[in-house]
Amino acid sequence: MVGARRAVHGLLFVTLGLTSCAGTPPSSAPSASPAPPSSEGRTLIVLVGAEPASIAARPLVSAGTSLRFQQRVVNALPAVIDAKGVAQPELLTTLPTLNTSSWQVFPDGTMQTTYALRPKLTWHDGEPLTSEDFAFSWHLYSHPDLGAANQQPLTFMSDVTAVDREHFTIKWKRPYPDADNLAGTTREFPAMPHHILGPALDRMATGGKESFVSNPYWTQEFVGLGPYRILNWQSGSYIEFARFENYALGPPKIGKLEMRFGQDANVTVASLLSGAVHLVASLDSTEALRQEWSQTHAGRILDSIASLNFVSFQMRPEYVSPTATLDVRIRRAMAHMVDKPTLVETVYAGQAIPTDTPIWTGSAWGPAVDSSIPTYPFDLRAAESLMNQAGFTRGQDGFYRNSEGRLPPIEVITITVPDKIQSAEVVAEWFKTAGVDSTRKTIPAAQTQDNEVRSVYPGVLVNASGAGESALINLLATTSISSASNRWVGSNRGGWSNPEYDRLLTIFSTTLDRNERMELVRSMLKIYSEEMPLISTFFSTGKDAMLNELKGPVATAPEANMPWNIQEWYFE
């Protein structure tokens, strides 16, 4: 089993060819082989797990579960993150370069960056994209009533100004290391269509923010800049897209795209095997497909790092039960109760990578993961020792108790996704076997995107989210805590907050030197591992399955998005 894990790890490392070098100069996006003419007249059928609550790159209403594939199809940003995790110009002609006129750092710590748009770009509705749309985006997202002003990179900006039609500048309150690209899962700064949302934002003064947030632009009437534009959105069923002829990197080779919604594993596998769909994004289980395709060679599965899987403790006293889990010794003990390698083998047939931290060792920040980071391998004796230190001993019934009585059961909750349900059942059973009684609860499918439901759980949440740098920010920062005050937007659903961690994250977010940033990642991981607000269990792999006739998709680094080059895909 260990050998299998190493084999998967090695395959990923070789396939991705990851680079951790700072300052890698951007290169032009690679082009696929010329597409056969038949690709233009065909429709790419894609099956995704959830209908997006919003398809915008930076929605004001939380998109709920990860919808990166859905959002990439219709959005374009100043830069796109390629398969190796390197930023490439998308809407921009080139990326700003540090210590030049395009990226200036001043003695007081402030910065100014200047960006040049590709000429003659338009929105999906044909209206021209200008630098004013970026200035308007700043005005929109920094509005105090819309709840986005404290998110990166907006919180670091002091002003965005249109210089002329194709040039704009950003003034920064402090150094910001990703100021050159404004892309990625934690730092998007999209242009927003002033001609559509400008009047709506003006009306918000009288109609209230709900009228603006519920504007149909954010869903079925979305107008973007990405490779495809919306033709028809049938809620609960599918979205039809046509290729956007004026996309910044050239019109897609495949003329149309149909995105269907569905989570039934049997239907998904059958649809692929029959050829009814060409690609399934973020597939929950791939074992049946791997077995079938090993014989027929009709399809393939990309072994990319898909997400971090974890067990998140509720850390807010007003919601937590039992309150014993607020004791760090209890959380460490429960971490020792989780057998990660066995979880990977039994639930995922070995097609995942066990982990002790949110950082994959093969990623750009992998060198930060070393022996200085505390770990809690499966060890019931170590778990018992920690429980004893916290005042709990095992009774004759096998469950832990203290002077006040038996430790109340802990609720293990997850969403209605087959592998998450199975993982939650396994984890709950391990807790019971180790002496911590547990109950199980599954959030109904209709509430999958209800972030309040996913934030006020009393016990632990079996969940998944973005890995790597994204996890350091979105899962662990105080600013990412979901609450009523921010409409439950935020992936830090357990509500963990640590001032020292936040301080280091702030420094990390403003430090330009790569080596210093690596040390900061290491220090943040130590705090995380010592406090154990969530148990990192494994990195998902092999989540995107497709027919072999579809050419262009490749495995990607954790920082990248699989359809980053969707305009180059074609049918053979």
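**Entry 1: Trp-103 and its strand.** I looked up Trp-103 and found that its bridge partner in β5 is Thr-113. The model is predicted; local features need pLDDT of at least 70, side-chain atom pairs count only at pLDDT 80 or more, and totals for chains, interfaces and linings use all residues. Residues are numbered from 1 along each chain as its sequence is written, and side-chain values use heavy atoms, without hydrogens and water.

I noted that β4 and β5 (residues 111–116) run antiparallel and are joined by 3 bridges. Strands (E, at least two residues) and helices (H or I, at least four) are DSSP runs, numbered from the N terminus; two strands pair if DSSP finds at least two bridges between them.

**Entry 2: the sheet.** I traced an open, antiparallel sheet of 4 strands in the order β4-β5-β7-β6. Its edges are β4 (103–105) and β6 (157–164); each has a single partner strand, so one side of each lacks a neighbour in the sheet. The twist averages 15° from one strand to the next, with angles running from 0 to 180 degrees between N-to-C directions of axes fitted to C-alpha atoms, for helices over the stretch in contact.

**Entry 3: a parallel pair.** I then found β18 (residues 410–415) and β19 (residues 438–443) running parallel, joined by 6 bridges. Ile-410 stands opposite Ser-438 in β19.

**Entry 4: confidence.** I checked pLDDT, the predictor's confidence in each residue from 0 to 100. The protein chain has a mean of 89, and 91% of its residues reach 70 or more. Over residues 1–33 the pLDDT is below 50. Where pLDDT is low, the predicted coordinates should not be read in detail.

Key:
Contact means heavy atoms within 4.5 Å.
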